[in-house]
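Open the model in your viewer and keep the sequence panel beside it. This tour tells you what to select at each stop.

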Amino acid sequence: MILLVAASLLLFHSASGAQNSTVKSLCPLDVVKDVGESKYFSVAYDTCFLFATSIKVTYDKAVANCKDLGGKIVMPKTMYVNDFLLSEIERLPSSDQGSPFWIGMTDRKNEGNMVWEDGTAVKDLSNLVTGAGGVLGSVWGHGEDCVALDPRDGKWHDYRCLKSGLVAKNSKLPYICQFPVSNVLQRFLKVFHPDYHGF
């Protein structure tokens, strides 16, 4: 029972600037060492999240940056994760709170068929608001095929993936990466929490 309580305390934890020992012990060490002042780590269940707020980049650059760090662009496949990300964005310094954050969802390959960056279908689209950048994206041939989580309404909005064309609003945004936490904690949770299946 004591071990289960201890594990529960580790399920949700966050730290600005990765100064917290829990974050340091659960998130990839090489990534934690490379964190600047405008990045923020948070741990929930079996995932370490990195809120990259220091620069705004295109969707492809966000995906590449997360991959270069050994992670993936965040894929909030459940509303629990989506709501957790929103609550963590609220904890960021006010200068970092207002912008949408890229998440790993697109319909590039088949317009209107949203998939997660790992190739799995998005099963519930009730949180998606389409047409965030207006009609001009389609008129100029640069559709809004990539998705960002907007903390102002908690919804997923589609944006242009790349900055291109005469009108190119909202094509560079901050982003969130996800990394698996240490395998030791995952095994511990599976043994002592039978309902645990991760996210």
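## Stop one: salt bridges

Across the whole structure, a search finds four salt bridges. Here a salt bridge is a side-chain nitrogen of Lys or Arg within 4 Å of a carboxyl oxygen of Asp or Glu. Before you select anything, note that this is a predicted model: local features need pLDDT of at least 70, side-chain atom pairs count only at pLDDT 80 or more, and totals for chains, interfaces and linings use all residues. Residues are numbered from 1 along each chain as its sequence is written, and side-chain values use heavy atoms, with hydrogens and water left out.

Select D60 and R108. Their closest N and O atoms are 2.7 Å apart, and they form a salt bridge. The pair links distant parts of the chain, 48 residues apart: D60 is in helix α4 (residues 59-68), and R108 is in the loop between β5 (101-106) and β6 (115-116). Helices (H or I, at least four residues) and strands (E, at least two) are DSSP runs, numbered from the N terminus. D60 is partly exposed at 33% relative accessibility. R108 is partly exposed too, with 38%. For these labels, buried means under 20% relative accessible area, exposed means over 50%, and partly exposed lies in between (1.4 Å probe, protein chains only).

Now select K77 and D118. This salt bridge has its closest N and O atoms 2.6 Å apart. K77 lies in the loop between β4 (72-73) and α5 (79-91), and D118 in the loop between β6 and β7 (128-129), so the pair ties together parts that are 41 residues apart in sequence. K77 is partly exposed at 43%. D118 is partly exposed at 39%.

Next, select R91 and E88. Their side chains meet in a salt bridge, 3.7 Å from N to O. They are three residues apart in helix α5, so about one helical turn separates them. R91 is exposed, at 53%.

## Stop two: helix α4

Return to α4 and colour Y59, A62, V63, N65 and C66, which are buried. Look down the axis: the buried residues fall within an arc of 165°, so they line one face of the helix. That arc is taken from the directions from the helix axis to the C-beta atoms. On the other side of α4, K67 and D68 are exposed.

What do the buried residues of α4 pack against? Show β3 (47-57), β4, β5, β8 and β10 (173-180). Then step to G70, which follows α4 and has a positive phi, near 95°.

## Stop three: strand β8

Select residues 146-150, strand β8. Five of its five residues are buried. C146, A148 and D150 point one way, while V147 and L149 point the other way.

β5 and β8 pair in the antiparallel sense over three bridges; strands pair if DSSP finds at least two bridges between them. T106 stands opposite C146. β8 also pairs with strand β9 (residues 155-159), antiparallel, over five bridges. There, Y159 is the bridge partner of C146. Between β8 and β9 the hairpin has four residues, and G154 takes a positive phi near 75°.

## Last stop: N127

Select N127, in the loop between β6 and β7. N127 is buried, with a relative accessible area of 6%. Leaving aside residues up to four places away in sequence, N127 touches M79, N82, G154, K155 and W156. Contact means heavy atoms within 4.5 Å.
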